[in-house]
Amino acid sequence: MNFSRPRCVTLIDDDNDFRDALLERLQLENLDVQAFASAEAALKVLTADYPGVVVSDLRMPGMDGRGLLTRLQALDEGLPVVMITGHGDIADAVDALRNGAYDFVAKPFDFGRLADSLNRALEKRGLVLDNRALSAAVSRVTPDLPLLGSSPSIARLRTVIEQVADAGMDVLIEGETGVGKEVVARALHNSGRRRVHPFVPVNCGALPAGLIESELFGHEPGAFPGAVKRRVGLIEQSHRGTLFLDEIESMPMSAQIALLRVVEQREIQPLGASGPKQLDLRILASSKIDLEKAVSRGAFREDLYYRLNVMKLRVPPLRERRDDVPLLFAHFLARASGEHQRTPPPMSTAVRRTLMEHNWPGNVRELAHFADRIALDIDAPAGGGSVEEGTAGLTERLERFEKAVLEEALDRHAGDIVAITEALRIPRKTLYDKFRRHGLRPGAFRAREMR
């Protein structure tokens, strides 16, 4: 699943010359623009999943901009609509904002003002569509699909798992930390005939140094001081099922030697037992390093490596399957939100940027922890405020519009205060108060005129 920013704009204006000029200017910005002379014509082609925004004149014959906004809100309330209006229609534009319009610009306007509004609107539209796509994708995920994603590498891995799940061969699973090697091992177990029997994971790096043999092979009563009753070892617990040796590279050499007999003969001899016990089990082992290189360094037994390496599966890191990151994140977010009894929050611009740009050295485990933090609304990535531009309240949008009107008047009248007060029909003191609030200096525009 790819995140892609929408590039479509539907332009609606009954003024043919203005519409054609704006159409050409928008196309120069590499936008995919469709233009219409009426709201009725545009409504025939706009759909709820339209990958873009709508720019419409407020006053038009037939259905006007307000009527169009009502229809579009009913079609898709997440579709941004930018209104174009004249100075005399400010009250109507404000009313449109209250009813759900994304923004409005007043004629005549600087194209940069419209371009800025469109960029934010397209960003918002992209978030809406991405969140919808992720929600739909997560709803299709079933519990028996542990390896989420559609990237070629993960699709091949799923295919191989299906092919060898019922085979009796041992499998060596290699991959970086956090990629989901145990998930692969459980998929192999759960997809085959052994799924009705135990799956026994053994963290080889966590086995207590002095008790490795007792933990793995078990012991009989009286095998050593304190052994008052029989203990069934982890290997025997996997009888008829699957033994998963996680991080086998961390297993001490002494334990590797003892494990050779298990791999070769499928038998164990618990401490204190009078003879060996035959077992029926499949052995899966995982390593976060290249075991073949470990063998060449003398850090892992060569004979054990070749006995385990009947078949090797490599689990790709997230940086090699970046298209799967959004779906995995959405799955983990839904799971974490359910565990914490919260509603999954919509993805923000900052979260989307993190998903796209972060390298995820901790792989799936790191991504799952990130989803946990987002579900709990803690430790959100920096830059989250950028989304708020797309969902600014009425006051913020009116402030932006007022500043744009003042800048346009200053530019048109070259900073002439008398002309501006007449054009905008406001007292001089009020005008200066607004200049101060927006950080505007009339003198800068007079100097621009002299140049």
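**View 1. Helix α6 passes helix α7 in a right-handed crossing.** The model is a predicted one: local features need pLDDT of at least 70, side-chain atom pairs count only at pLDDT 80 or more, and totals for chains, interfaces and linings use all residues. Residue numbers start from 1 along each chain as its sequence is written, and side-chain values use heavy atoms, with hydrogens and water left out.

Helix α6 spans residues 152-164 and α7 spans residues 181-190; their axes come within 8 Å and cross at roughly 35 degrees. From α6, the contact uses L157, I161 and V164; from α7, V184, A187 and L188. Contact means heavy atoms within 4.5 Å. The contact residues divide into 6 nonpolar, no polar and no charged. Nonpolar covers Ala, Val, Leu, Ile, Met, Phe, Trp, Tyr, Cys and Pro; charged covers Asp, Glu, Lys and Arg; the others, Gly among them, are polar. Axes are lines fitted to C-alpha atoms, for helices over the stretch in contact; angles run from 0 to 180 degrees between N-to-C directions.

**View 2. Five strands form an open sheet in the order β2-β1-β3-β4-β5, with parallel pairing.** β2 (32-36) and β5 (103-107) are the edge strands, each pairing on one side only. From one strand to the next, the twist averages 20 degrees. Helices (H or I, at least four residues) and strands (E, at least two) are DSSP runs, numbered from the N terminus. Two strands pair if DSSP finds at least two bridges between them.

**View 3. Strand β4 pairs in the parallel sense with β3 and with β5.** β3 (residues 52-57) and β4 (residues 81-86) share 4 bridges. V54 stands opposite V81 in β4. The β4 and β5 pairing runs over 5 bridges. Here T85 faces A106 of β5. Of the 5 residues of β5, 4 are buried, so this strand is largely enclosed by the rest of the structure. Buried means under 20% relative accessible area, exposed over 50%, partly exposed in between (1.4 Å probe, protein chains only).

**View 4. Helix α1 lies across β1, β2, β4 and β5.** α1 covers residues 16-28, and β1 covers 8-12. The helix runs at about 170 degrees to β2.

**View 5. Cysteines C8 and C204 are buried.** C8 has 15% relative accessibility. C204 has 2%. The structure holds 0 disulfides, a disulfide being a pair of cysteine sulfur atoms within 2.5 Å.

Key
Left-handed = near helix turned anticlockwise from the far one by under 90°.
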